[in-house]
Amino acid sequence: MILLSMIVILLVGGLLAWGAGHRSALASRWISLIAVSTDFVIGFIVWIRSAGHVDVLQQQAWLRELNWIWIPQFGVHFHLALDGLSLLLLMLTFLLGVTSVLASWTEIQDAVGFFHLNLLWVLAGIAGVFLAMDLFLFYFAWELMLVPMYFLIAIWGHERRVYAAAKFFIFTQLSGLLMLIAILAFYFAHHTATGIYTFEYTDLLGTPLSPHVAVWIMLGFFVAFAVKLPMFPLHTWLPDAHTEAPTAGSVVLAGLLLKTGAYGLLRFVMPLFPAAARTFAPVAMILAVVGILYGAILAFAQTDLKRLVAYTSVSHLGFVLLGIFAWNKLALQGAVITIICHGVSTGALFVLVGALQERLHTRELGRMSGLWETVPRLGGAGLFFALASMGLPGLGDFVGEFMILLGVYQKSRVLTAVAAVGILASTFYALKFVQYAFHGPNDHHWALPDLGVREAIIVTPMIVILLWLGLYPQPVFNTFNPAMETLQQHAGQTMQARRR
Amino acid sequence: MNGSDLFSLLPLVLIAGTSILVMLAIATWRKHWLTLCMTLVGIAAAFGSLWLVAPLAPRRVTPLLILDHYALFYFGLITAATFAIAILCYGYLQRHTETREELYVLLLVAALGSMVLVASSHFVSFFLGLEILSVALYAMSAYLHTRSRPLEAGIKYLILAGSSSAFLLFGMALIYAQLGTMDLFRLATLLPDAQNSPLVLGGLAFIVTGIGFKLGVVPFHLWAPDVYEGAPAPVTAFLATVSKGAIFALLLRYFYSSGAQHFRPVFVLFAIIAIASMLIGNLLALLQNNIKRILAYSSIAHMGYLIVAFEASSATASEAVAFYLVAYFITTIGAFGVVTVLSEEERDADTLEDYAGLFWRRPMLAGIFTLMLLSLAGIPVTAGFLAKFYVIAAGASAGIWALILILVISSVIGLFYYLRVVITMFAQVREEKLHAEPHAMGGNYVLVGLAILLVWLGVYPGPLLNVVRRVLPM
């Protein structure tokens, strides 16, 4: 029930915020803030309680579970389940949710109620994706998060918002439909093999498939997740969508929507189709490495701050893809840590860029310089997150990327070496950002208000989290390790089932 | 024919009787609201009578009609849709014209024709039903006869529907010449042996041509956009839903019972029609600036999706078609309902500019229209999503991957124009045009009801699926 209530709080909170928006914008902001914070607190309580109680001996180590029959005619269940991986991603969702509500506090002035409706419903859809253990429900939530996101970009975005929103929607919708075909093909293949119609994740594990069919079905899933991730060369929607979206939209996109792609690979592609994924792994890993370098180089070439940050996502998520397809313990741990840290650090960077844009009304790096003089606190925060993004030891991103490289080294030394160059390249764009924006003489004579209390409240916890993950990540490892081991076990069992 | 035979015709009798009563009432006492009330009561009674008749089904009444669960399900769908459209007509006619009452007679007659179609088991009742429906539709399309557009639409529909009926008749004649029967059940037993006879194949081709015209599928679609644009908005809603739905139900019954869709040439013919309808319908919709034309091309594409399910030819496929038609009816009536409610006195609200910034002026209406468009695009939470899911599932179970892939690609193309309309409604309009908002007169309630139904079916389809499961042709 607690899982359902988390989603329902967001859905109902959104409706209330919409209703309140007609009378008072402030009420609508507060309602949203309270709704998301409540979810965060609930998630935190679940986490604290779960610490230590993890039972490794059990087959399915769900921390919480809810399983209702939904559409019996199709064998569809309303099945939500929580393990360590989902829990961490949920915590990230609610943290960035609070961040987005706070970040839009002064930025959004039109149709405030409707804005918060969309924002909370995106978050609800994302939470649904992280919790769904029925493929039909998963697809339902997967599509559900798109529509509000589309509205967030198309209504409250910047100059080319309509173009960017349509591009985003069409990319994700096309890939989503391919996944739907794959889901259905899998559903019928399972029926031919066992005589049972089911979308249930745990039942579908270990379905014997002929290698040929498995590859096609796997590709259907993979394309949907790769577009979201985004993997080179399917990333072209990302810079546009990130750039045109309002701050909250960018935070949710970069921090959460991209992670649903990584989550899908971890949860579905690898355990359900291990053999097919293994044959496909070299291609995916090469594309991942290309994405790492390509993203870093393009980020360096941008003069629009938001585009710069957007391209860094392509680079960082390339690491995640690399780690997932390496599929060993070290690389997977690294991938999960990178997912979390990238969500926090990129989310924070988008908040800072949004804060700059609100003050300067531009995102052009060329029109900024010497901002440190007038906004030292904002500059300091910018420097911190830029350093985190380039992988400075002691901060979370470093831990993740380092572990990925360690894991990948066991698979391929060449790819490791090339990917390591990507870390080097990241120093260029991170330093370019700091240098062009904050250092140098204040030629334009900007005199701006520094980071306010509200913005400080957003940024401070993010700094703390990155430091924590950089210095003492063990509690997080403890949370997701059992879940990852289960996933690896499933993959192994599925392999054996197919060999038989 | 005995008493219970007659009793099982009750829905048809009620609709026919209502139309006569309404006609007499108009002749003596012209009152718009009274006419509407009589119409609604009659339709509601016919809908209610379905439960009385259901225990008797399936039952063959004369060689002409078969009243099985399949027919009763579509009776329900047709009467419910006619009910909603009648209410939409009220506000529309109140604003647009002085001669209002006759439209209801035509509406009832058209509904009667559609019901005969879905229950027909003989070429004669097939043709009779079709003509009853078509003749009523000619008059309905040209109902606002003082304007040029509706007249053009009426004439165009008259000529093309007339020639398509001729094709149909010729096809029936060819099959009769070869097999010597017009009874559906006799045909079903004879057809499989005669599938290589050129006369039969030729006859089937002509019948497909005739039906294709009525469904408005490519390459027989040329009338659709013009007629949709010209006809009054509620009439267009009827044309797009009840008339097409009834013909599709009949197509499914005739082909499934005879197994004709398994013949190689017929399968290929339908595959080509489906692919062409999906792609051309969606591509041409991209070029339109008129809402009614956009919806016309979108309905061409939707007929293509339905044919994909038809091609799957299994029990799942027939369920998918039934579910899809329900979703399509709700959505299309909802969409044209919004057009109806927004229409001003001189013209229908059919250009994109009429919808610019609608969300900020009338959030409720814009929200409903958005829901309808998202349902047409097949986005979750709406019935349209489950309908598309069902169709893809039917296709996947039959393994017709090429058709499914084209369905997916074309529905992504479709997204472009649905989103274009949606985003127009949310655009911020600087100079606020201050024109008096027309009063909807009950239309709003219909729209809210449809929106609730749409979401309900999208989230909790179980009950409808149970009904649909029992609805099988034969």
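Chain B of this predicted model contains 20 helices and 2 strands. The C-alpha atoms of chain B occupy a box of roughly 70 × 55 × 40 Å along the principal axes. A compact globule of 474 residues would have a radius of gyration near 23 Å, and the value for chain B is 21 Å, so the two agree. Of the 474 residues in chain B, 58% count as buried. The contacts within the chain also show how it folds back on itself in sequence terms: among those in chain B between residues at least 6 apart in sequence, 79% join residues at least 24 apart.

When its neighbours within four places in sequence are left aside, V269(A) is in contact with M218(A), F221(A), F222(A), F225(A), G264(A) and A277(A).

A240(B) belongs to helix α11, which covers residues 233-258 of chain B. A240(B) counts as buried because it has 28 C-beta neighbours inside 10 Å, where 20 or more are required. Not counting residues up to four places away in sequence, A240(B) touches Y228(B), S299(B), T332(B) and F336(B). One of these, Y228(B), is 12 residues from A240(B) in sequence, and the C-alpha atoms of the two are 8.2 Å apart in space.

The next topic is the contact between the chains. Chain B contributes 21 residues and chain A contributes 22 residues. On the side of chain B that touches chain A, the elements giving two or more residues are α17 (383-398), α18 (401-426) and α20 (462-469) of chain B. Helix α18(B) gives the most to that side, with 9 residues. Sorted by class, the side of chain B that touches chain A has 17 nonpolar, 3 polar and 1 charged residues.

Some details of the backbone remain to be examined. Most residues other than glycine have a negative phi, and most peptide bonds are trans. Against that background, where do the cis peptide bonds at P230(A) and P233(A) lie? Both P230(A) and P233(A) are found in the loop between α9 and α10 of chain A. The bond from L229(A) to P230(A) is cis, with omega near -10°. The bond from F232(A) to P233(A) is cis as well, with omega near 5°.

A111(A) is not a glycine, yet its phi is positive, at about 45°. This residue is placed in the loop between α3 (84-103) and α4 (112-131) of chain A. Is A111(A) buried or exposed? A111(A) counts as buried, because 23 C-beta neighbours lie inside 10 Å. In chain B, S313(B) is likewise a residue other than glycine with a positive phi, near 40°. S313(B) sits in the loop between α13 (291-312) and α14 of chain B. With 21 C-beta neighbours inside 10 Å, S313(B) therefore counts as buried.

Methods
Residues are numbered from 1 along each chain as its sequence is written. Chains are lettered from A and ligands numbered from 1 in the order in which they are written. This is a predicted model: local features need pLDDT of at least 70, side-chain atom pairs count only at pLDDT 80 or more; totals for chains, interfaces and linings use all residues. Two residues are in contact if their C-beta atoms, placed from the backbone, lie within 7 Å. Helices (H or I, at least four residues) and strands (E, at least two) are DSSP runs, numbered from the N terminus. The radius of gyration is taken over C-alpha atoms; the globule rule is 2.2 Å times the number of residues to the power 0.38. A residue is buried if 20 or more other C-beta atoms lie within 10 Å of its own, exposed if 12 or fewer, and partly exposed in between; C-beta atoms are placed from the backbone. Ala, Val, Leu, Ile, Met, Phe, Trp, Tyr, Cys and Pro count as nonpolar, Asp, Glu, Lys and Arg as charged, and the others, Gly among them, as polar.
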